[in-house]
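Reader: Could you walk me through this model, starting with its contacts and then turning to the rings and the loops?

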Amino acid sequence: DRPTVEKRIADDALVRSGRLRLTLRPWMGPSGVGAEYKKWAAANPGAADKMRTYQLVLMRPTPLAAPLTPAEQLAHLKHMDTLVKSGHLVAAGPVLEPGDLAGIFVFDTDAAQAAKLVASDPAVVSKKMVVEQHPWLVAELVLPKGFKVPLP
């Protein structure tokens, strides 16, 4: 829950020193994040995690851009569905509070391929969204299989 996370982060030495700052926002990601990992960890106490690198892409609204139209939103969702079916997009969803972050993509591919895939998103092509991409090291089994895009 949010208060627990805020307390843990507040106790971090880099946050206390002012070198890092945390902003929490609720994200509508796929259901089951961490569920398989919890089962595996309980069945394998003390075992080392197997780590893998994903590409974390933050979608930010372009300052002063108009919101996506319903047609642009549908095109964005259809593009996401294509990326899921290709096996490259393993998680995505909107950020649920207004602000400088609109959504998150998680790609299971290399950095160059992820950059190419997200650059072809209609929200990016229209220049209504800009992206920020980071490598993200995550334990295997944390992200659930079978992510589906909620198409209308």
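Predicted model: local features only at pLDDT ≥ 70, side-chain atom pairs only at ≥ 80, totals over all residues.

Reader: Among contacts between residues at least 6 apart in sequence, what share joins residues at least 24 apart?

Author: A contact here means heavy atoms within 4.5 Å. Taking the contacts in the chain between residues at least 6 apart in sequence, the share that joins residues at least 24 apart is 76%.

Reader: Thanks! In what order do the elements of the chain run?

Author: Helices (H or I, at least four residues) and strands (E, at least two) are DSSP runs, numbered from the N terminus. The chain has six helices and four strands. Read from the N terminus on, their order is α-α-α-β-α-β-β-α-α-β.

Reader: How is the aromatic pair of Tyr37 and Trp40 classed?

Author: Rings of Phe, Tyr and Trp (its six-membered ring) pair if their centres lie within 6.5 Å; planes under 30 degrees apart count as stacked, over 60 as edge-to-face and the rest as tilted. By this rule the chain has two aromatic pairs. In the pair of Tyr37 and Trp40, the centres are 6.0 Å apart and the planes make 35°, so the class is tilted.

Reader: Where do Tyr37 and Trp40 lie?

Author: They are three residues apart, about one turn of the helix, and both belong to helix 3 (residues 35-43).

Reader: And why is the pair of Phe105 and Phe107 edge-to-face?

Author: Both Phe105 and Phe107 are buried (under 20% relative accessible area, against over 50% for exposed and partly exposed in between, with a 1.4 Å probe and protein chains only). Their ring centres lie 5.7 Å apart, and the pair is edge-to-face because the planes stand at 85°.

Reader: Is Leu64 buried or exposed?

Author: Leu64 sits in the loop between strand 1 (51-61) and helix 4 (70-86). Its phi is positive, about 70°, although Leu64 is not a glycine. With a relative accessible area of 90%, Leu64 is exposed.

Reader: What is the relative accessibility of Lys127?

Author: Lys127 is in the loop between helix 6 (122-125) and strand 4 (129-139). Lys127 also has a positive phi, about 65°, without being a glycine. Lys127 counts as exposed, because its relative accessibility is 63%.

Methods:
Residues numbered from 1 in each chain as written. Heavy atoms only, no water.
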